[in-house]
Amino acid sequence: MKRVKFVLDDKSIPKKWYNIQADLPTPLHPPLNPATGKPVGPEDLAPIFPMALIEQEVSTKRWIDIPEDVLEKLLLWRPSPLYRAHNFEKALGTPAKIYFKNEGVSPAGSHKPNSAIPQAYYNKIAGTKRLTTETGAGQWGCALSMACKLFGLDLKVYMVRISFEQKPYRKMMMRTWGAECVPSPSRDTETGRRILAENPDTPGSLGIAISEAIEDAVSSKNTKYSLGSVLNFVCLHQTIIGLEAKKQMKMAGDYPDIVIGCVGGGSNFAGISFPFVHDKINGENVRIIGAEPSACPTMTKGPFIYDFGDTAQKTPLMAMHSLGHNFVPPPLHAGGLRYHGVAPLVSRLLLDNLIEAKSYQQSECYKYAVLWAQTEGFIPAPEASHAIAAVAKEALQAKEEGKEKTILFCWSGHGLLDLGAYDSYFAGKLKDFDIQDDAIKKSLTGIAHLPKPSL
Ligand SMILES: Cc1ncc(COP(=O)(O)O)c(C=O)c1O
């Protein structure tokens, strides 16, 4: 009988996160205070994050202990299973071996609770009573809603309007976990009111929703802000995915030639790949590929610049690949991939050629997502379908070359609440979008005055 699942018991859950900052060949550029142009200090971040997270953001310690109370909650669904996708391999007729880490088994349905739980925990022990956040597709909003309820915190979620309208069930999940969820831009913040006055029909964007959530946090009592991707500490928390996967690949008697994840802000990709980037830095021969949408080609077309993380310029300047903080991506269904920037850590690895980036049109992603559902059973989230398209391409390449490659990827979430997207695909209504260089140039002209990071 072929082995399909590789399952770790509770005792085998990793007890430490892996911090890639300890091993970077080139250190990160510091985030800058836009007013002074100087690196931000902990005191600049203290109004929005608890100190434990700020320390993790700048730490260069290789291994960071996962607190007992966090492990206890992660054990509700972790360790997550690793699967071998025999049926998908067969459908492609590839000699490649395809393994996937199923992050869709979490209560919220994606990898996002891996960081929501520690963020809620560190806020709780610091005395925070309420959090604010943004959400794209609603996955992060759901994850943080659950985490806040488990630790007894209130939460308000600013959800990108297009997803708020396309994905009504996620806001019901957030309510079930006790959170308040409003469409962004909203009338509840100055930023939201200003943007609505300028463009009443805007679909919203993660950049706008982040601005609203930060404005709310800094102007409300006992409130802090929480971000579901991009930051170093979020990437750190997600490394539990890759650390488990390493143990499971060992159980399978394999090691990947290629590691793949889809990239929005970069957190699930960081999670599956950073423990393998560690091996690559230490001489292992492994390719690592981030898959992004052609409609929001941050890594493949965005320059490496200092830019704001949000539309209203409330965050520090971060050195990253960016399409410009005013870039509003077309309304593609993978809402969680509609972000103008990408994690500084992921950007750094791309510059240092430790990882590769590729972009895919959504129609191609759905083609492979449907093949996946019809062979492996699980229906992927639109975001995860980008990783699946990348896996399929690599597996077909292996077939052409007659090589038995081993591919590992992060199946970052299920798509059971994204069925409207599948419906559009079957009705032939799904549009592909190509972002022209001119549009990116235009979006970047407004920030030409910002400091430039050296390469
Ligand atoms: C299922 C799923 N995968 C991937 C992403 C992209 O986010 P990140 O790049 O931070 O992993 C999201 C974001 O919402 C998501 O919901």
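1. Let's start with the ligand. It has 21 residues around it, and the closest are Q139, S229, G264, G336 and G413. A residue gets into this shell when its C-beta atom, placed from the backbone, lies within 6 Å of the molecule. By type, the shell splits into 12 polar, 8 nonpolar and 1 charged. Here Ala, Val, Leu, Ile, Met, Phe, Trp, Tyr, Cys and Pro count as nonpolar, Asp, Glu, Lys and Arg as charged, and the others, Gly among them, as polar.

2. A word on what you're looking at. This is a predicted model, in which local features need pLDDT of at least 70 and side-chain atom pairs count only at pLDDT 80 or more, while totals for chains, interfaces and linings use all residues. Residues are numbered from 1 along each chain as its sequence is written.

3. Which helices each supply at least two residues of the shell around the ligand? They are helix 6 (139-151), helix 12 and helix 16 (382-401). Helix 12 gives the most, with 3 residues. Helices and strands are DSSP runs numbered from the N terminus (H or I, at least four residues, for helices; E, at least two, for strands). On that basis the chain has 18 helices and 15 strands.

4. Now the domains. Domain 1 covers 5-12 + 78-109 + 233-435, and domain 2 covers 47-64 + 111-226; the bounds come from an automatic or database domain assignment. Their centres, taken over C-alpha atoms, are 23 Å apart. The ligand shell draws at least three residues from each of domain 1 and domain 2.

5. Where the domains meet, 38 residues of domain 1 are in contact with 34 residues of domain 2. Contact means that the C-beta atoms of two residues, placed from the backbone, lie within 7 Å. On the side of domain 1 that touches domain 2, helix 11 (232-251) and helix 12 (267-281) each supply at least two residues. Helix 11 gives the most to that side, with 7 residues. The residues of this side of domain 1 divide into 14 nonpolar, 18 polar and 6 charged.

6. Along the principal axes, the C-alpha atoms fill a box of roughly 60 × 50 × 45 Å. Of contacts between residues at least 6 apart in sequence, 78% join residues at least 24 apart.

7. Of the 455 residues, 58% count as buried. The cut-offs use C-beta atoms placed from the backbone: buried means 20 or more other C-beta atoms within 10 Å of a residue's own, exposed means 12 or fewer, and partly exposed is in between.

8. Helix 5 is worth a look. This helix takes in residues 113-125, and its 13 residues reach 18 Å from first C-alpha to last, close to the 18 Å expected at 1.5 Å a residue. The expected span is 1.5 Å times one less than the number of residues. Is helix 5 largely enclosed or open? Enclosed: 11 of its 13 residues are buried, so the rest of the structure largely surrounds it. Among the buried ones are P113, I117, Y121 and Y122. Just after helix 5, G127 takes a positive phi of about 95°.

9. There are cis peptide bonds to check. One joins R78 and P79, with omega about -10°; P79 sits in the loop between helix 3 (68-74) and strand 4 (82-84). Another joins S184 and P185, with omega about 5°, and P185 lies in the loop between strand 8 (180-184) and helix 9 (190-198).

10. Then come the positive phi angles outside glycine. N222 has a phi of about 50° and is in the loop between helix 10 (206-219) and strand 9 (223-226). N222 counts as exposed because it has 10 C-beta neighbours inside 10 Å. V230, with a phi of about 70°, lies in the loop between strand 9 and helix 11. V230 is buried, with 25 other C-beta atoms within 10 Å.

11. Last, F327, in the loop between strand 13 (317-321) and helix 14 (344-351). With 24 C-beta neighbours inside 10 Å, F327 counts as buried. Leaving out residues up to four places away in sequence, F327 touches H340 and S443.
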